[in-house]
Amino acid sequence: MKALLISLLTILMVPMALAAAPQAPAGYLVSIKLAGEDAAVKTVVVRDGTELAGKLMMPLFEGDVVFVRDPASAVGIELGDGTTMTLGQGVARFEMKGEIDTGDGTWGILSAIGGVFADEDQQAPENMAAKGASLRMPMAVRGTNLLSKDRKSLWLTWEGGKAPFAVSLETASGETPLLADLPSNSAAVPIETVKAEKFTLIIRDAEQQKLPLRFRLAAQLPAGLPVTGSSQASLLAAAAWLSGHKGWSIEAAQVLQAAGTDAALALRDKIAGGWTYQASAP
């Protein structure tokens with residue numbers, strides 16, 4: 001009987017252990033600029049006695065110690081209350097305490113973002129707007145790309161082609177130039193004059209290769225956002241979640257472009273390269 005009871009308890013405890021939630025982080029590394037010995041060694045975190053290299057959006061847990069050797073280094077940490085502190089500006093060492101309330105569903109998204117920055121989650125871009133052509137935009141879909149209806153300017157970047165580039169608005173009577181003689185493959189495209197709900201932008205290169213991009217202004221974002229809070233981690237999680245919905249990657253890039261932080265711009269560039277968030281199977 002005693003052996004049977006122990007066996008039953010063991011069986012019951014297994015699913016309970018599997019269901020246990022992972023430890024929530026106490027903060028995240030949101031900017032990393034290393035100088036001197038820090039740049040050579042690259043380790044800025046001590047965890048359980050082991051020095052670890054820092055990565056953008058690397059989760060930090062209670063007991064972790066973030067440190068810099070060179071006062072010219074600057075390592076930014078987002079704390080549980082959403083504030084950011086920077087080591088290297090008179091502070092050389094900081095021990096993490098507590099946990100961030102990431103909200104239901106957010107932890108998995110942040111883990112995916114951390115994997116991207118750690119180069120552990122590389123995806124081949126499949127959503128090419130002009131797959132197989134020299135001029136292409138990995139973050140665009142072949143069909144309609146969705147944008148917030150309040151957008152007045154659109155940050156776009158593309159691959160291939162030969163400078164200078166031009167961007168125009170397709171109209172019933174032809175094309176209306178918006179930007180010309182662009183020396184590089186990115187631009188802030190003004191769209192405040194666009195009144196139609198649906199419109200098409202044309203990117204051309206010096207050899208007259210053409211990349212059409214179809215857009216629709218949406219009244220609201222997709223429903224079901226699992227992210228709460230206004231911290232930088234929450235903003236990145238929301239943008240990543242948005243990229244996981246077909247046609248919304250360009251809008252996700254706009255959110256990150258507007259944020260302008262190191263981590264936001266780094267995630268923007270990942271999305272621009274074709275990365276999209278893919279939720280893990282339950």
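This is a predicted model: local features need pLDDT of at least 70, side-chain atom pairs count only at pLDDT 80 or more; totals for chains, interfaces and linings use all residues.
Local features need pLDDT of at least 70, side-chain atom pairs count only at pLDDT 80 or more, totals for chains, interfaces and linings use all residues, and side-chain values use heavy atoms, with hydrogens and water left out.

Now the overall picture. The chain has six helices and 15 strands; these are DSSP runs numbered from the N terminus, with helices being H or I of at least four residues and strands being E of at least two. Of the 282 residues in the chain, 42% are buried (buried is under 20% relative accessible area, exposed is over 50%, partly exposed is in between, with a 1.4 Å probe and protein chains only). Among contacts with a separation of 6 or more, 62% are between residues 24 or more positions apart, where contact means heavy atoms within 4.5 Å.

Val75 has Leu87 in strand 7 as its bridge partner. The two strands make a hairpin with five residues between them, and Gly82 in the turn has a positive phi of about 90°. In a regular strand the side chains alternate between the two faces of the sheet. Here, Met85 and Leu87 form the covered face of strand 7, while Thr84 and Thr86 form the uncovered one.

Strand 2 (residues 43–47) and strand 3 run antiparallel and are joined by four bridges. One example is Thr43, whose bridge partner in strand 3 is Ala53. In the loop between these two strands you will find Asp48. Its phi is near 50°, a positive value in a residue other than glycine, and Asp48 is exposed at a relative accessible area of 79%.

Strand 3 (residues 50–53) also holds Glu51, which is partly exposed at 43% relative accessibility. Which residues does Glu51 contact, leaving aside its neighbours within four places in sequence? They are Thr43, Val45, Val46, Phe67 and Arg69. Phe67 is 16 residues from Glu51 along the chain, and their C-alpha atoms are separated by 9.9 Å.

Next, the helices. The axes of helix 4 (residues 232–243) and helix 5 (residues 249–259) come within 7 Å and cross at roughly 165°. Axes are lines fitted to C-alpha atoms, for helices over the stretch in contact, and angles run from 0 to 180 degrees between N-to-C directions. Helix 4 and helix 5 are therefore roughly antiparallel (over 145 degrees; under 35 is roughly parallel, 65 to 115 roughly perpendicular and the rest oblique).

Who meets whom here? From helix 4, Leu235, Leu236, Ala239, Leu242 and Ser243 meet Ser249, Glu251, Ala252, Val255, Leu256 and Ala259 in helix 5. By class, that contact has eight nonpolar, two polar and one charged residues (Ala, Val, Leu, Ile, Met, Phe, Trp, Tyr, Cys and Pro are nonpolar, Asp, Glu, Lys and Arg charged, and the others, Gly among them, polar).

Helix 5 has several buried residues, among them Ile250, Glu251 and Gln254. Their cover includes strand 9 (144–148), strand 10 (153–157), strand 15 (210–218), helix 4 and helix 6 (262–272). After helix 5 comes Gly260, with a positive phi near 75°.

Two backbone details to finish. Ala163 and Pro164 are joined by a cis peptide bond, with omega about 0°, and Pro164 sits in the loop between strand 10 and strand 11 (165–171). Gln208, in the loop between strand 14 (198–204) and strand 15, has a positive phi of about 65° although it is not a glycine. Gln208 is exposed, at 54% relative accessible area.

Terms used:
Residues are numbered from 1 along each chain as its sequence is written. Two strands pair if DSSP finds at least two bridges between them.
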